[in-house]
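Subject: Structure handover

Hello,

Here is the structure I promised to pass on. Please open it next to this message; my notes follow below.

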Amino acid sequence: PIVICRKNLMGVIVSVGDDQRMPNKLIKCPAKLNDHVIFKRYTGLELMVNGEYCRFMLWDEVFATIKE
C-alpha cells in the first residue's frame with residue numbers, strides 16, 4: 001500500500017509498501033517516496049496520523065504522477 005498525505009485529490013507519497021505479487025511475476029510500484037500524485041476521489045482509507053490526514057490506498061488507485 002501507499003500512504004499519501006492529501007490536499008484534495010492530489011497528495012505527496014510519504015510511504016510505499018511492498019511490490020505486488022502476481023501468480024507468475026512481481027510488479028514494482030510505479031510511485032516513489034515524495035512523488036506528487038493525483039488519485040481517485042473515493043478510494044483508500046483516510047486516517048489522522050500525528051495530526052495530519054493521511055490516505056492509505058493501493059498503488060493502482062493512483063491516476064498519475066506529477067512531474068515538476
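Which side chains meet in a salt bridge? They are those of Arg55 and Glu46, at 2.9 Å from N to O. The structure holds one salt bridge. Please keep in mind that this is a predicted model.

**Overall picture**

The protein chain has eight strands and zero helices. Along the sequence the pattern reads β-β-β-β-β-β-β-β. The chain has 68 residues, and 26% of them count as buried. It exposes about 5200 Å². Carbon and sulfur atoms supply 54% of that area. Take the contacts between residues at least 6 apart in sequence: 50% of them join residues at least 24 apart.

**Around Arg55**

Arg55 sits in strand 7, which covers residues 52-57. Is Arg55 buried or exposed? Its relative accessible area is 8%, and under 20% counts as buried, so Arg55 is buried. Glu46 is at 30% relative accessibility, so this residue counts as partly exposed.

The side chain of Arg55 has two polar partners to look at. One is the side chain of Glu46, in a polar contact at 2.9 Å. The other is the backbone oxygen of Thr43, which lies 2.7 Å from a polar atom of the Arg55 side chain.

The backbone pairs here too. Glu46 has Arg55 as its bridge partner in strand 7.

Strand 6 covers residues 45-49. Five bridges join strand 6 to strand 7, and the two run antiparallel. Leu47 is bridged as well: its partner in strand 7 is Cys54.

Strands 6 and 7 form a hairpin with two residues between them. Asn50 is in that turn. What is the phi of Asn50? Its value is near 50°, which is positive in a residue other than glycine. Most residues other than glycine have a negative phi. Asn50 belongs to the loop between strand 6 and strand 7. With a relative accessible area of 80%, Asn50 is exposed.

Where is Asn34 found? The answer is the loop between strand 4 (26-27) and strand 5 (36-39). Asn34 has a relative accessible area of 54%, and over 50% counts as exposed, so Asn34 is exposed.

**Ile13**

Ile13 lies in strand 2, residues 10-16. Its relative accessible area is 0%, so Ile13 is buried. How many residues apart in sequence are Ile13 and Asp35? They are 22 apart, with 5.5 Å between their C-alpha atoms.

Strand 8 covers residues 62-66, and Ile66 lies in it. Ala64 is found in strand 8 too. Ala64 has a relative accessible area of 31%, so it is partly exposed. Ile66, at 31% relative accessibility, also counts as partly exposed.

Which residues does Ala64 contact, leaving aside neighbours within four places in sequence? They are His36, Val37 and Ile38. Ala64 and His36 are 28 residues apart in sequence. In space, their C-alpha atoms are 8.6 Å apart.

Ile38 comes up again at the surface. Met10, Ile38, Phe63 and Ile66 form a nonpolar patch there. Together these four residues have about 370 Å² of accessible area.

**Where to look**

If you have only a few minutes, I would take these views in turn:

- The turn between strand 6 and strand 7, with Asn50 and its positive phi.
- Ile13 and Asp35, with C-alpha atoms 5.5 Å apart.
- The nonpolar surface patch of Met10, Ile38, Phe63 and Ile66.

Best wishes

Terms used: Residues numbered from 1 in each chain as written. Predicted model: local features only at pLDDT ≥ 70, side-chain atom pairs only at ≥ 80, totals over all residues. Heavy atoms only, no water. Helix = DSSP H or I, 4+ residues; strand = E, 2+ residues; numbered from the N terminus. Buried < 20%, exposed > 50% of the residue type's maximum accessible area, 1.4 Å probe, protein only. Contact = heavy atoms within 4.5 Å. Areas by Shrake-Rupley, 256 points an atom, 1.4 Å probe, with all protein chains shown as cover. Patch = residues over 30% accessible without salt bridge, like charges linked within 9 Å, V, L, I, M, F, W, Y side chains within 5 Å. Polar contact = N/O pair within 3.5 Å; in protein donor to acceptor, adjacent residues only side chain to side chain. Pairing = 2+ DSSP bridges.
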